[in-house]
Amino acid sequence: MNTHGTATGKIILMGEHAVVYGQPAIALPFLHATVDTSITKIDTASTIESQYYSGPLKLAPPILAGINNLIDIALKYLKKESQQLHIKIDSTLPAQRGLGSSAAVSISLVRALFNVFDTKLEDDVLKMLVSHAEKIHHINPSGLDMNTIASGKAIYFEQGKALHAFDININAYLVIADTGILGQTREAVKQVREHYNLNEEKMGQLIESYGELTKNVMNVLRKGDTQALGQAMNQAQDILRSFGVSNNTIEDYIDLALKNGALGAKITGSGMGGCTLALCETEAVAKHVEEEIKAHGAENVWIFDLKELA
């Protein structure tokens, strides 16, 4: 029998990096790219098939260490350690772009494992298992990716507090542009930490400012104020730039978006690569921004109608 588990990606609308320092963040499920994991019981040693490696699971390379660890832990939880499986991971979600690929793969994998053994998967168990893999993939995961993808809804997130899921009330479009440069989460988090250690007062003020900006955006989203959201995104990018996590390609994409009608544009995710977001008031403007960024060499560009999250 062949069973499946699926998951979407995620977008950080506001709050990246600051969330690690106790400030809030707002994240959205990214519905336009998904991970599908299929699992089949087999009679030989377990195998895995993915974009990085295909072959015996026990010989998987270090890049799959988090996944390998997750499989072991999930099978122990299910009391199925001796089971032999073929695991196939198919993804339209580009890895290392700040779109939550690692959490999406982990969530789809756990869902598939519980499905293949016809076991109900509780939300708290899913998050407990996935957190093990996330700690291998990232230095100090905030839990933002995992919680957004697991819930499938827009969320307001603060570490140590209950999640607040909500509906989006903005009639606008996001253009998500992939720079083609691998995001460097570990390096970006480390760089922000080094900036913080060198000038705690200045960085503390910037982080607190980003937190206040994120809180204000919740009111903006409730009111449906597209112009104010665009302004907030531009302010967020100013702060992220100060954190040292932008680069020339990111700045080029942001500049292109703003010059071609976007109301606001910023990094999404850890930066130093990955993707940019641009907020557009109409689909026509979004398509124009998409065309301009594609002409500039973007690897992937998606248009996300925010009404899909209403």
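Contact here means heavy atoms within 4.5 Å of each other. This is a predicted model, where local features need pLDDT of at least 70, side-chain atom pairs count only at pLDDT 80 or more, and totals for chains, interfaces and linings use all residues. Residues are numbered from 1 along each chain as its sequence is written, and side-chain values use heavy atoms, with hydrogens and water left out.

**View A. Helix α8 across the sheet.** Helix α8 (residues 248-259) lies across β8, β9 and β10 (275-280), and runs at about 155° to β9. Helices (H or I, at least four residues) and strands (E, at least two) are DSSP runs, numbered from the N terminus. Axes are lines fitted to C-alpha atoms, for helices over the stretch in contact, and angles run from 0 to 180 degrees between N-to-C directions.

**View B. The open sheet of four strands.** The strand order is β9-β10-β8-β11, and the pairing is antiparallel; two strands pair if DSSP finds at least two bridges between them. β9 (264-268) and β11 (300-305) sit at the edges with a single partner strand each, so one side of each has no neighbour in the sheet. From one strand to the next, the twist averages 20°. Strand β8 (residues 173-178) is joined to β11 by six bridges, and Asp178 stands opposite Asn300 in β11.

**View C. The two faces of α8.** Ile250, Tyr253, Ile254, Leu256 and Ala257 are buried (buried is under 20% relative accessible area, exposed over 50%, partly exposed in between, with a 1.4 Å probe and protein chains only). Down the helix axis these buried residues fall within an arc of 160°, so they line one face of α8; the arc is that of the directions from the axis to the C-beta atoms. Asn248 and Lys259, on the other side, are exposed. The cover over the buried residues of α8 includes β8, α7 (226-242), β9, β10 and α9 (283-295).

**View D. Helix α9 and what it packs against.** α9 has 13 residues and reaches 18 Å from first C-alpha to last, close to the 18 Å expected. Ala286, Val289, Glu290 and Ile293 are buried in α9. They cover an arc of only 105°, which puts them on the same side of the helix. Ala284, Glu291 and Ala295 are exposed on the other side. The buried residues of α9 pack against β8, α8, β10 and β11. After α9 comes Gly297, with a positive phi near 105°.

**View E. Phe243 in the largest nonpolar core.** This core has 102 residues, of which Ile176, Leu221 and Phe243 touch the most other members. A nonpolar core is a set of buried Ala, Val, Leu, Ile, Met, Phe, Trp, Tyr and Cys residues joined through side-chain atoms within 4.5 Å. Helix α2 (residues 101-116) gives the largest share, ten residues. Leaving aside neighbours within four places in sequence, the contacts of Phe243 include His17, Gln191, Met203 and Tyr210.

**View F. Gln191 in helix α5.** Gln191 is found in α5 (residues 185-198), and its 22% relative accessibility makes it partly exposed. Beyond its neighbours within four places in sequence, Gln191 is in contact with Phe243, Gly244, Val245 and Met272. Gln191 and Gly244 are 53 residues apart in sequence, yet 7.4 Å apart in space, C-alpha to C-alpha.

Notes
The expected span of a helix is 1.5 Å times one less than its number of residues.
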